[in-house]
Amino acid sequence: MKRGLAATIVAAFGRQYEVELEQGGERLLCFPRAKKSVFACGDRVEITAAGDKQGVIERLEERSSLLYREDAFKQKLIAANVTQVIVVVATEPSFSPELITRCLCAAEDQELKVLIALNKADLVDRLAAARALLAPLTAAGYEVIELSAKQGAQPLRARLAGEISLLVGQSGMGKSTLTNAILPEAEAATREISEALDSGKHTTTFSRLYRLPEGGALIDSPGLQIFGLAQLSPDALQYAFPEFRPYLGQCRFRDCKHEAEPGCALRAARDAGQIHAQRFEHYRTLRQELAYAQQARIGR
């Protein structure tokens with residue numbers, strides 16, 4: 001047995017993890033020693049190699065960031081130690097602006113760089129509708145790059161060097177196609193892991209980290225349908241909307257809930273068109289969810 005080996009988790013599936021050794025780059029299939037699994041793709045860990053390309057995860061190193069979703073009852077880790085979150089949407093199928101907002105709030109809470117990638121931009125008859133859906137986000141200051149994964153990913157490639165980038169988004173947006181366009185060997189790696197797990201699935205059902213030739217890494221994650229933010233406090237939630245920040249602390253009442261209180265600076269900014277009405281409604285929905293999650297936890 002070789003003990004105390006530094007490694008990075010490059011794929012996370014259930015209680016099994018593929019790790020890459022810091023020295024030599026060998027890949028091992030590892031299991032956590034404890035019953036509770038607290039690891040995510042991108043985590044730096046210390047392992048004991050047990051032979052036959054297997055090992056045991058002994059210790060988790062300190063994280064610089066953690067992306068995860070949480071509701072009143074459970075949490076789901078997505079990726080650790082990322083520096084940039086790229087939310088992938090597409091001209092078709094249609095996407096949910098609210099789900100995008102949830103992803104962006106999680107990234108903002110971790111103080112990460114964020115970018116929205118509009119895929120399938122070659123479908124020009126759908127492009128205007130997709131841009132319209134993204135308009136509240138561009139008004140809030142978010143950058144959108146348009147591309148077609150099937151025609152290459154050059155607009156995105158230049159933004160990846162030196163970053164640990166996480167691709168997130170709904171199913172069908174083309175995250176895996178985008179990954180394969182950037183790294184043609186990614187499809188083969190996904191197939192190998194699927195066969196090793198005897199899952200027979202080649203779609204992304206787990207997060208996977210790929211090293212980039214120009215430095216940095218790209219993490220592809222499973223498609224999202226829900227993204228709870230119960231891990232955020234009410235103060236953290238409002239700060240996760242960048243366009244709110246100039247008005248925070250400006251309300252007449254210190255404990256303003258931004259509902260019907262007089263002298264609310266956020267509502268005044270919304271009414272003046274400085275905050276998009278849709279973004280404000282998404283904030284109110286999320287704030288109500290946080291209140292429900294808090295009550296549910298108290299009741300348990």
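**A walk through the fold**

At 62% relative accessibility, valine 124 counts as exposed; the classes are buried for under 20% relative accessible area, exposed for over 50% and partly exposed in between, with a 1.4 Å probe and protein chains only. Valine 124 belongs to helix α2, residues 124-139. Helices here are DSSP runs of H or I with at least four residues, strands are runs of E with at least two, and both are numbered from the N terminus. Threonine 91 is 33 residues from valine 124 along the chain, and the two C-alpha atoms are separated by 8.5 Å.

The model is predicted, so local features need pLDDT of at least 70 and side-chain atom pairs count only at pLDDT 80 or more, while totals for chains, interfaces and linings use all residues. Residues are numbered from 1 along each chain as its sequence is written, and side-chain values use heavy atoms, with hydrogens and water left out.

Now the chain as a whole. The protein chain holds 8 helices and 13 strands. Along the principal axes, the C-alpha atoms fill a box of roughly 65 × 50 × 30 Å. Of the 300 residues, 47% are buried. Among contacts with a separation of 6 or more, 64% join residues 24 or more positions apart, where contact means heavy atoms within 4.5 Å.

The chain carries 38 positive and 37 negative charges, whose mean positions are 4 Å apart. In that count Lys and Arg are positive, Asp and Glu are negative, and His and the chain ends are not counted; each charge is placed at NZ of Lys, CZ of Arg, CG of Asp or CD of Glu.

Proline 32 sits in β3, residues 27-32, and is buried, with a relative accessible area of 8%. Beyond its neighbours within four places in sequence, proline 32 is in contact with Arg15, Tyr17, Ser37, Phe39, Val56 and Ile57. Glutamate 58 is 26 residues away from proline 32 in sequence, with 6.9 Å between the C-alpha atoms.

Aspartate 52 lies in the loop between β4 (44-51) and β5 (54-60) and has a positive phi of about 55° although it is not a glycine. With 72% relative accessibility, aspartate 52 counts as exposed. Glutamate 111, in the loop between α1 and β9 (113-119), is likewise a residue other than glycine with a positive phi, near 60°. Glutamate 111 is exposed, with a relative accessible area of 72%. A further backbone feature is the cis peptide bond from glutamate 92 to proline 93, with omega near -5°. Proline 93 lies in the loop between β8 (84-90) and α1 (97-109).

Glutamate 163 is in the loop between α3 (154-157) and β11 (164-168). At 12% relative accessibility, glutamate 163 counts as buried. Apart from neighbours within four places in sequence, glutamate 163 is in contact with Thr83, Gln84, Lys113, Gly216 and Ala217.

Helix α4, residues 175-182, has Lys175, Leu178, Thr179 and Ile182 as its buried residues. They lie on the same side of α4, because they cover an arc of only 100° around the axis; the arc is that of the directions from the helix axis to the C-beta atoms. An α-helix has 3.6 residues a turn, so residues three or four places apart point the same way.

Alanine 265 is part of α7, residues 265-271, and is buried, with a relative accessible area of 14%. Leaving out neighbours within four places in sequence, alanine 265 is in contact with Tyr247, Gln250 and Cys251. The C-alpha atoms of alanine 265 and glutamine 250, 15 residues apart in sequence, are 5.7 Å apart. Tyrosine 292 belongs to α8, residues 277-299, and is exposed, with a relative accessible area of 54%. Not counting residues up to four places away in sequence, tyrosine 292 touches Ala72 and Phe73.
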